[in-house]
Amino acid sequence: MLGPPGAGKGTQAERLARARGLPKISTGDILREAVQAGTGLGLAAKTTMEAGNLIGDDVMIGIVRERLDRDDARGGFVLDGFPRTVVQAAALDGMVDGRGPLVVLDIVVPEDVLVRRLATRRICSKCGVNAAVEWTGDCQNCGGTLIARIDDSVEIVRERLKIFLRQSQPLVDYYSPRPTFRSIDGNQPPDVVTTRIEAALDEAARSATL
Ligand code: AMP
(Lines give C-alpha, C1' and ligand atoms only; values in the text may rest on other atoms or scores of the structure.)
Protein backbone atom coordinates (compact mmCIF):
# COMPACT_ATOMS: atom_id res chain seq x y z
CA MET A 1 0.00 0.00 0.00
CA LEU A 2 1.55 3.29 -1.12
CA GLY A 3 0.65 6.79 -0.05
CA PRO A 4 1.97 9.79 1.90
CA PRO A 5 2.15 9.99 5.70
CA GLY A 6 -1.42 10.68 6.87
CA ALA A 7 -3.11 9.08 3.85
CA GLY A 8 -4.69 6.46 6.09
CA LYS A 9 -2.38 3.62 4.97
CA GLY A 10 -1.97 2.25 8.48
CA THR A 11 -5.70 2.18 9.22
CA GLN A 12 -6.62 0.77 5.83
CA ALA A 13 -3.83 -1.82 5.87
CA GLU A 14 -5.04 -2.92 9.32
CA ARG A 15 -8.63 -3.32 8.08
CA LEU A 16 -7.61 -5.14 4.93
CA ALA A 17 -5.32 -7.50 6.81
CA ARG A 18 -8.07 -8.33 9.30
CA ALA A 19 -10.69 -8.85 6.59
CA ARG A 20 -8.43 -11.20 4.63
CA GLY A 21 -6.81 -12.96 7.60
CA LEU A 22 -3.34 -11.79 6.57
CA PRO A 23 -0.52 -10.27 8.59
CA LYS A 24 -0.17 -6.49 8.32
CA ILE A 25 3.49 -5.67 8.01
CA SER A 26 4.24 -2.05 8.78
CA THR A 27 7.91 -1.08 8.58
CA GLY A 28 7.19 2.05 10.65
CA ASP A 29 5.69 -0.13 13.42
CA ILE A 30 8.63 -2.55 13.30
CA LEU A 31 11.06 0.37 13.67
CA ARG A 32 9.05 2.04 16.46
CA GLU A 33 8.94 -1.26 18.36
CA ALA A 34 12.72 -1.59 17.96
CA VAL A 35 13.20 1.96 19.28
CA GLN A 36 10.99 1.22 22.31
CA ALA A 37 12.74 -2.08 22.99
CA GLY A 38 16.15 -0.36 22.69
CA THR A 39 17.57 -2.98 20.28
CA GLY A 40 20.60 -2.24 18.08
CA LEU A 41 18.26 -1.51 15.19
CA GLY A 42 16.18 0.81 17.36
CA LEU A 43 19.19 2.76 18.60
CA ALA A 44 20.49 3.15 15.06
CA ALA A 45 17.09 4.19 13.65
CA LYS A 46 15.89 6.57 16.38
CA THR A 47 17.57 9.83 15.33
CA THR A 48 16.85 9.30 11.63
CA MET A 49 13.18 8.62 12.33
CA GLU A 50 12.77 11.54 14.68
CA ALA A 51 14.15 13.86 12.00
CA GLY A 52 11.62 12.47 9.51
CA ASN A 53 14.32 11.02 7.26
CA LEU A 54 14.36 7.58 5.65
CA ILE A 55 16.32 4.62 7.00
CA GLY A 56 18.82 3.12 4.51
CA ASP A 57 17.53 0.75 1.83
CA ASP A 58 19.77 -2.16 2.86
CA VAL A 59 18.49 -2.14 6.43
CA MET A 60 14.85 -1.89 5.35
CA ILE A 61 15.19 -4.59 2.69
CA GLY A 62 16.77 -6.92 5.27
CA ILE A 63 13.93 -6.31 7.74
CA VAL A 64 11.21 -6.99 5.16
CA ARG A 65 12.95 -10.01 3.64
CA GLU A 66 13.19 -11.62 7.08
CA ARG A 67 9.56 -10.80 7.88
CA LEU A 68 8.17 -12.13 4.60
CA ASP A 69 10.00 -15.41 5.17
CA ARG A 70 7.98 -16.15 8.28
CA ASP A 71 5.22 -18.77 8.15
CA ASP A 72 2.31 -16.38 8.71
CA ALA A 73 3.20 -14.45 5.54
CA ARG A 74 3.22 -17.51 3.32
CA GLY A 75 -0.37 -17.05 2.09
CA GLY A 76 -0.02 -13.31 1.52
CA PHE A 77 0.47 -10.10 3.49
CA VAL A 78 -0.42 -6.42 3.56
CA LEU A 79 2.63 -4.16 3.41
CA ASP A 80 2.35 -0.67 4.88
CA GLY A 81 5.25 1.81 4.55
CA PHE A 82 7.36 -0.38 2.26
CA PRO A 83 8.59 0.08 -0.41
CA ARG A 84 9.42 3.78 -0.19
CA THR A 85 12.15 3.87 -2.84
CA VAL A 86 12.63 2.28 -6.24
CA VAL A 87 15.56 0.28 -4.84
CA GLN A 88 13.21 -1.17 -2.19
CA ALA A 89 10.54 -1.83 -4.84
CA ALA A 90 12.99 -3.75 -7.03
CA ALA A 91 14.08 -5.82 -4.02
CA LEU A 92 10.43 -6.54 -3.18
CA ASP A 93 9.84 -7.84 -6.71
CA GLY A 94 12.61 -10.35 -6.09
CA MET A 95 11.12 -11.37 -2.72
CA VAL A 96 7.63 -12.04 -4.12
CA ASP A 97 8.82 -13.74 -7.29
CA GLY A 98 6.77 -16.93 -7.63
CA ARG A 99 4.46 -16.02 -4.73
CA GLY A 100 1.43 -14.71 -6.63
CA PRO A 101 0.57 -11.22 -7.88
CA LEU A 102 1.81 -8.12 -6.08
CA VAL A 103 -1.10 -5.67 -6.04
CA VAL A 104 -0.05 -2.05 -5.55
CA LEU A 105 -2.65 0.36 -4.14
CA ASP A 106 -1.66 4.03 -4.16
CA ILE A 107 -3.76 6.11 -1.75
CA VAL A 108 -3.91 9.70 -2.97
CA VAL A 109 -4.74 12.63 -0.65
CA PRO A 110 -4.17 16.40 -1.20
CA GLU A 111 -1.28 17.92 0.78
CA ASP A 112 -3.30 20.41 2.86
CA VAL A 113 -5.56 17.58 4.04
CA LEU A 114 -2.51 15.53 5.05
CA VAL A 115 -0.97 18.31 7.14
CA ARG A 116 -4.28 18.77 8.96
CA ARG A 117 -4.70 15.04 9.58
CA LEU A 118 -1.15 14.55 10.84
CA ALA A 119 -1.39 17.45 13.28
CA THR A 120 -4.31 15.71 15.03
CA ARG A 121 -3.18 12.09 14.71
CA ARG A 122 -2.71 10.01 17.88
CA ILE A 123 -1.18 6.59 18.44
CA CYS A 124 -1.18 4.35 21.51
CA SER A 125 2.00 4.65 23.59
CA LYS A 126 1.65 0.99 24.62
CA CYS A 127 0.49 -1.09 21.62
CA GLY A 128 1.26 1.44 18.87
CA VAL A 129 -2.16 1.21 17.18
CA ASN A 130 -3.46 4.27 15.29
CA ALA A 131 -6.27 5.86 17.29
CA ALA A 132 -9.60 6.18 15.50
CA VAL A 133 -10.82 9.81 15.30
CA GLU A 134 -13.82 9.00 17.51
CA TRP A 135 -11.67 7.67 20.39
CA THR A 136 -11.67 9.92 23.39
CA GLY A 137 -9.63 8.98 26.45
CA ASP A 138 -7.45 5.87 26.32
CA CYS A 139 -6.64 3.27 23.65
CA GLN A 140 -9.67 1.11 22.92
CA ASN A 141 -7.41 -1.75 21.94
CA CYS A 142 -5.29 -2.13 25.10
CA GLY A 143 -6.16 0.75 27.46
CA GLY A 144 -2.80 2.51 26.90
CA THR A 145 -2.39 6.28 26.78
CA LEU A 146 -2.83 7.98 23.40
CA ILE A 147 -0.01 10.30 22.36
CA ALA A 148 1.10 12.29 19.30
CA ARG A 149 3.97 10.78 17.31
CA ILE A 150 7.21 12.78 17.74
CA ASP A 151 7.61 12.83 13.96
CA ASP A 152 4.10 14.29 13.52
CA SER A 153 5.15 17.77 14.71
CA VAL A 154 4.53 20.46 12.08
CA GLU A 155 8.13 21.04 10.86
CA ILE A 156 8.88 17.32 10.74
CA VAL A 157 5.61 16.63 8.95
CA ARG A 158 6.65 19.12 6.24
CA GLU A 159 10.02 17.36 5.95
CA ARG A 160 8.37 13.93 5.72
CA LEU A 161 5.96 15.14 3.04
CA LYS A 162 8.85 16.71 1.10
CA ILE A 163 10.77 13.43 1.24
CA PHE A 164 7.64 11.56 0.29
CA LEU A 165 6.96 13.73 -2.76
CA ARG A 166 10.57 13.35 -3.91
CA GLN A 167 10.46 9.55 -3.62
CA SER A 168 6.86 8.85 -4.59
CA GLN A 169 6.83 9.87 -8.25
CA PRO A 170 9.60 7.44 -9.23
CA LEU A 171 7.76 4.71 -7.28
CA VAL A 172 4.47 5.45 -9.03
CA ASP A 173 6.32 5.52 -12.38
CA TYR A 174 7.84 2.15 -11.48
CA TYR A 175 4.51 0.51 -10.69
CA SER A 176 1.87 2.33 -12.74
CA PRO A 177 2.43 0.49 -16.06
CA ARG A 178 1.46 -2.77 -14.32
CA PRO A 179 -2.07 -4.20 -14.56
CA THR A 180 -1.99 -4.71 -10.77
CA PHE A 181 -1.52 -0.99 -9.96
CA ARG A 182 -4.54 0.99 -8.71
CA SER A 183 -4.93 4.59 -7.47
CA ILE A 184 -7.42 5.12 -4.65
CA ASP A 185 -8.96 8.46 -3.66
CA GLY A 186 -8.03 8.66 0.03
CA ASN A 187 -9.85 11.96 0.62
CA GLN A 188 -13.07 10.15 1.53
CA PRO A 189 -14.56 8.83 4.76
CA PRO A 190 -12.52 5.80 5.96
CA ASP A 191 -15.33 3.30 5.26
CA VAL A 192 -15.67 4.50 1.67
CA VAL A 193 -11.90 4.14 1.19
CA THR A 194 -12.07 0.61 2.65
CA THR A 195 -14.82 -0.42 0.22
CA ARG A 196 -12.89 0.98 -2.73
CA ILE A 197 -9.69 -0.74 -1.64
CA GLU A 198 -11.46 -4.10 -1.33
CA ALA A 199 -12.95 -3.73 -4.82
CA ALA A 200 -9.69 -2.50 -6.37
CA LEU A 201 -7.73 -5.34 -4.79
CA ASP A 202 -10.06 -8.04 -6.12
CA GLU A 203 -10.21 -6.47 -9.54
CA ALA A 204 -6.43 -6.00 -9.77
CA ALA A 205 -5.75 -9.54 -8.57
CA ARG A 206 -8.20 -10.87 -11.18
CA SER A 207 -6.53 -8.89 -13.95
CA ALA A 208 -3.17 -10.40 -12.92
CA THR A 209 -4.41 -13.94 -13.33
CA LEU A 210 -6.12 -13.42 -16.72
P1 AMP B 1 5.74 5.41 8.94
O2 AMP B 1 5.11 4.94 10.21
O3 AMP B 1 5.52 4.45 7.78
O4 AMP B 1 5.40 6.83 8.59
O5 AMP B 1 7.34 5.37 9.20
C6 AMP B 1 7.92 6.16 10.20
C7 AMP B 1 9.40 6.38 9.89
O8 AMP B 1 10.08 5.10 9.83
C9 AMP B 1 9.70 7.02 8.54
O10 AMP B 1 9.60 8.44 8.60
C11 AMP B 1 11.12 6.54 8.29
O12 AMP B 1 12.05 7.25 9.11
C13 AMP B 1 11.08 5.11 8.80
N14 AMP B 1 10.65 4.16 7.76
C15 AMP B 1 9.53 3.37 7.75
N16 AMP B 1 9.45 2.61 6.65
C17 AMP B 1 10.57 2.91 5.91
C18 AMP B 1 11.06 2.48 4.64
N19 AMP B 1 10.42 1.57 3.89
N20 AMP B 1 12.24 3.02 4.20
C21 AMP B 1 12.91 3.92 4.94
N22 AMP B 1 12.50 4.39 6.13
C23 AMP B 1 11.34 3.89 6.63
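Which handedness, left-handed or right-handed, does the crossing of α4 and α5 have?

**Figure 1. Packing of helices α4 and α5 in the predicted model.** Two packed helices are described by the angle between their axes and the distance between the axes. Helix α4 comprises residues 57-68, and its axis comes within 10 Å of that of α5, with a crossing angle of roughly 25°. Angles under 35 degrees count as roughly parallel, and α4 and α5 are therefore roughly parallel to each other. In answer to the opening question, the crossing of α4 and α5 is right-handed.

**Figure 2. Packing of helices α6 and α7.** The view shows helix α6 (residues 111-120) against helix α7 (residues 154-175). Their axes lie 11 Å apart and form an angle of about 140°. This angle makes α6 oblique to α7. The crossing of α6 and α7 is right-handed.

**Figure 3. The shell of residues around the ligand.** Sorted by class, the shell holds six nonpolar, five polar and five charged residues. Helix α2, spanning residues 27-37, contributes four residues, the largest share of this shell.

**Figure 4. Polar atom pairs between protein and ligand.** A polar atom in the side chain of Thr-27 is placed 2.8 Å from a nitrogen atom of the ligand. In the side chain of Arg-32, an N or O atom lies 2.9 Å from an oxygen atom of the ligand. Ile-55 takes part through its backbone, with an N or O atom 3.1 Å from a ligand nitrogen atom. On its own, the ligand has 490 Å² of accessible area, and the protein covers 97% of that area.

**Figure 5. The cis peptide bond between Phe-82 and Pro-83.** Most peptide bonds are trans. The bond from Phe-82 to Pro-83 is cis, and its omega is near 0°. Pro-83 belongs to the loop that runs between β2 (78-80) and α5 (86-96).

Key: Residues numbered from 1 in each chain as written. Predicted model: local features only at pLDDT ≥ 70, side-chain atom pairs only at ≥ 80, totals over all residues. Heavy atoms only, no water. Near = heavy atom within 4 Å. Polar contact = N/O pair within 3.5 Å; in protein donor to acceptor, adjacent residues only side chain to side chain. Areas by Shrake-Rupley, 256 points an atom, 1.4 Å probe, with all protein chains shown as cover. Helix = DSSP H or I, 4+ residues; strand = E, 2+ residues; numbered from the N terminus. Nonpolar A, V, L, I, M, F, W, Y, C, P; charged D, E, K, R; others polar. Axes fitted to C-alpha atoms, helices over the stretch in contact; angles between N-to-C directions. Parallel < 35°, antiparallel > 145°, perpendicular 65-115°, else oblique. Left-handed = near helix turned anticlockwise from the far one by under 90°.
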